[in-house]
Structures are given as structure tokens and as C-alpha cells.
Amino acid sequence: MDYGFKITTHGRAVMISCSVLGVLLNLTRAAVGSGKVGEMVNLADVHQLVHYEDEGTVGERHHEGNQFFLTVQYSNKDRSSEPFSLGEFMVFAKDPVTGEETDFLYATLGDYQQQIPGNSKEVPVSTWEFPLIIVISDELEVNISASPGLVRWDDMMNAIKVHNAAEDAHPYIRSYYSRLDSRVALLELMYNTDVSGNPFTVTFDTLVGVDVNGVWNVPMARIEF
């Protein structure tokens, strides 16, 4: 299941009331949860979190033309309970007609839930941000592009896979693994070989204290005859 969000039916009513009354939209708070809605559920019809976990905040917000930008934030600063998987969040607003708080939008992270650790001395306090863009339009189909620096999870994972498959990627790790593999092979030879006499091992990383005839192949650490 992919991630996404929608203004709820209650949120649409709030926006209409704000437009008719000529008042500003008043977002009151945000909350996060660990639940997950079904595949066929219309997010606009979700009016409460599936499984509430904690309170969040509505961070930076501004509008440009017909686009409204806002960021939902969650910090584990005051969370002393067990860790959880953040899989949903909801933003609430004040209804200008009734003056009461109501749900405004619901978002799900789908299959890409964010693991949130509990606050402890071993884990530093962290803040997770979820940027949203709401487009006000009378068009039946609206297309928007992400701001520079934002990337979809699937695109990022595919880019990482392509990078890791490149022969020139991670040279230090590849070199370290090659040396480690040689050492493991040597250990296996030492301990998995049935020796009836006195076992010994000779390497030619250095010739200090060694008297031999032949050509010293330094990169391969061996003597060639």
C-alpha cells in the first residue's frame, strides 16, 4: 500500500465555511498513530486514527498561489513509553461555524511505516517531518511536482540498488571484505585440515627473519620461483 493523504469530508466543510465567512483556516494540532487503513478505504472518510499513539505538531505553513504548504512534525522528546511504528497521522482544525475542533486531513504511510524509538539515554532525541502540499483548484485533475531535495521512497531505494551494484562503489568496503575473506579462508585451512604432524603457517607479508630464494610478490604476499 502506498502512502498518501486526503482532506477529510469534515475538513472540506471547514474550508468551505472559511471561504464563505472570509476567515482564516485555523489548524489546531496534529496527532500520530500506528494503525493502517485498508487498501480500499477512502482516506477522506477516516475521521480518527486507527490506533492513536501520541500528539504531534503542525510546523511551518505558508501558501503560494493556490498551493498550501504545511509540515507535520513528531518528536520523541517527551515519549518515555515503548517504541512504535508511525503509520498514520491526522491534522485537526477549528470549525468557524461551531467553534469546535474537528478532523481536517488524514494521512497514511502505507507500507512505509517509520520506526520511532522511545526516548532514552542510548537514543538521541529526534524529530520526524512530513511535508504536505494542498492544492486548491477547480480542475478535475491536478498535477504537481515535488520540491528539489524531496524523493519518493521507491525511487530512493532503486537508486541505492543501482549504486551498490556498480563495480566502483564502496571501494573501502570491497577491499576490507576481500582481506577479511582471505583471513577466513586461512582460518578454515588451519582448523579444518587434518594434520598429523606439527602444524605451521607461513605468510610473506614481510620478509623479516625469513631467508628464502625467489622473487617476492608484495601485492600477493608470496614468493615466486
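Predicted model: local features only at pLDDT ≥ 70, side-chain atom pairs only at ≥ 80, totals over all residues.
Residues are numbered from 1 along each chain as its sequence is written, and side-chain values use heavy atoms, with hydrogens and water left out.

Now for the neighbours of β6. On one side, strand β2 (residues 27-33) pairs with β6 in the antiparallel sense over six bridges, and L27 has A93 as its bridge partner. Two strands count as paired if DSSP finds at least two bridges between them. Overall, the protein chain has three helices and 11 strands, taken as DSSP runs (helices H or I, at least four residues; strands E, at least two) and numbered from the N terminus.

As for packing, the largest nonpolar core holds 25 residues, and L27, L86, F89, V91 and F104 have the most contacts inside it. Such a core is a set of buried Ala, Val, Leu, Ile, Met, Phe, Trp, Tyr and Cys residues joined through side-chain atoms within 4.5 Å. Among the elements that each supply at least two residues of this core are α1 (9-21), β2, β6 and β7. A second, separate core has nine residues, including V37, M90, F92 and Y106. The ring of F92 also has R29 lying over its face, at 4.0 Å from the ring centre; a charge sits over a ring if NZ of Lys or CZ of Arg is within 6 Å of the ring centre and within 35 degrees of the ring normal.

Four aromatic pairs turn up in a search of the whole structure. Rings of Phe, Tyr and Trp (its six-membered ring) pair if their centres lie within 6.5 Å, with planes under 30 degrees apart counted as stacked, over 60 as edge-to-face and the rest as tilted. One of the pairs, Y3 and Y112, is edge-to-face, at 5.7 Å centre to centre and 75° between the planes. Y3 lies in the segment before β1 (4-7) and Y112 in the loop between β7 and β8 (114-116), so this pair ties together parts that are 109 residues apart in sequence.

Terms used. Buried < 20%, exposed > 50% of the residue type's maximum accessible area, 1.4 Å probe, protein only.
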